[in-house]
Amino acid sequence: MSLLARTLMPHYGSVTINAVRSGIAGALLVAWVVLTNGPGVLVAMSGATFLVLVVSIVAAIGIGDSVFFESTRAIGLGRAMTIATTYPIGAALMAAAIYGERITTPIAVGTLLTLGGVALIVSVRPEVRPERLWFGVATAVIASVAWAVSTVMMKTPLQEIEPLTAQAIRLPLASALLFLTPWTRGAPAALRAGGRGPLLRIGALSLVTAASSVLFVASLKYAGVAVGSVLSSTAPLFALPLGVIFLGERASLWTVLGALVAVAGIVVLQA
């Protein structure tokens, strides 16, 4: 998914990509739910559950993603991602406090190793100090907290509805929210100007998004917040070899070391 998204960056902005892929993926999931279980499933949940789904997506997209984009502009993608991907730690602590999820020694050690490895993979060490360093750090921390809150909030709705239904509701809401932001004002023109190739790739990205988003929520329901959120944050680990193979990127010693540490963390996490 990361590889497809990166090939689209020269044609569309990151927010436009997220808005379009969320909208298409959401439409696909809605169609699947309607065809397999009937439209009644989408409105059978309680009002409280629907409200939690709405607030969770607002926290993730409206707050988390928005401030994360600002952080990447201020301090760069590597630094911002290194800070923001600490959100599984906050999510695990909140899940333990609110829902009584156990944080065992393997989960704690595996989490720290995995996130440490991811940090090494995405971190950059530029010689130039960013002018807006503290602003970038603060917004990245806010993004981490917002993503953690959004993740933990999914615990309650998943006791009432299935992951597929939850994402069939959340993804269209996420798309609508993103299209209301100022970063997507030029989206229609960009989509027309991009041509057929990028449109096909964004369609493929949407299919992957639909599947991965449901799997992520399913992991929260069946494996717990701590394990599910940590494993979901390992995307850079899998993007690394794909970038080397398909984009000709060079892997530094730090990224290789980070990959090894992250894999070790996953092994411990599953012990």
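How many aromatic pairs does the structure hold? This predicted model holds two, and they are the subject of two of the views below.

**Figure 1. Overview of the predicted protein chain, an arrangement of 13 helices and zero strands.** Read along the sequence, the pattern is α-α-α-α-α-α-α-α-α-α-α-α-α. The chain has 271 residues, and 44% of them count as buried. Among contacts between residues at least 6 apart in sequence, 87% join residues at least 24 apart. The accessible surface comes to about 13200 Å², and carbon and sulfur atoms account for 71% of this area.

**Figure 2. Confidence of the prediction along the protein chain.** The mean pLDDT is 81, with 85% of the residues at 70 or more. Helix H8 (residues 163–179) has the highest confidence, at a mean of 92. Confidence is lowest in helix H12 (residues 235–247), where the mean is 62.

**Figure 3. The aromatic pair of Phe68 and Trp147, one of the two pairs in the structure.** The ring centres are 5.3 Å apart and the planes stand at 50 degrees, so the pair is tilted. Phe68 lies in helix H3 (residues 47–75) and Trp147 in helix H7 (residues 133–153). The two residues are 79 residues apart, and their pair links distant parts of the chain. Phe68 is buried, because its relative accessible area of 8% is under the 20% cut-off. Trp147 is also buried, with a relative accessible area of 15%.

**Figure 4. The aromatic pair of Tyr87 and Trp147, with edge-to-face geometry.** The distance is 6.0 Å centre to centre, with 85 degrees between the planes. This pair too links distant parts of the chain, with Tyr87 in helix H5 (residues 87–99) and Trp147 in helix H7, 60 residues apart. Tyr87 counts as buried at 11% relative accessibility. Trp147 takes part in the tilted pair with Phe68 and in the edge-to-face pair with Tyr87. Phe68, Tyr87 and Trp147 form one aromatic cluster.

**Figure 5. Helix H9 (residues 187–194) and its buried residues.** Ala187, Ala190 and Gly194 are the buried residues of this helix. Seen down the axis of H9, they fall within an arc of 60 degrees, so they line one face of the helix. What do these buried residues pack against? Their partners are helix H2 (14–37), H8 and helix H10 (196–222). Arg192 and Ala193 are exposed residues on the face of H9 turned away from its buried side. Just after H9, Gly195 has a positive phi of about 90 degrees.

Figure 6. Is Glu101 buried or exposed? Glu101 counts as buried, because its relative accessibility of 16% is under the 20% cut-off. The side chain of Glu101 makes a polar contact with the side chain of Lys155, at 2.6 Å. Leaving aside neighbours within four places in sequence, Glu101 is in contact with Ala95, Ala96, Lys155, Gly224, Val225 and Ala226.

Key:
Residues are numbered from 1 along each chain as its sequence is written. This is a predicted model: local features need pLDDT of at least 70, side-chain atom pairs count only at pLDDT 80 or more; totals for chains, interfaces and linings use all residues. Side-chain values use heavy atoms; hydrogens and water are left out. Helices (H or I, at least four residues) and strands (E, at least two) are DSSP runs, numbered from the N terminus. Buried means under 20% relative accessible area, exposed over 50%, partly exposed in between (1.4 Å probe, protein chains only). Contact means heavy atoms within 4.5 Å. Accessible areas come from the Shrake-Rupley method with a 1.4 Å probe; for residues, only the protein chains shown count as cover. Rings of Phe, Tyr and Trp (its six-membered ring) pair if their centres lie within 6.5 Å; planes under 30 degrees apart count as stacked, over 60 as edge-to-face and the rest as tilted. pLDDT is the predictor's confidence in each residue, from 0 to 100. The arc is that of the directions from the helix axis to the C-beta atoms. A polar contact is a pair of N or O atoms within 3.5 Å; within protein, one must be able to donate a hydrogen and the other to accept it, and residues adjacent in sequence count only if both atoms are side-chain atoms.
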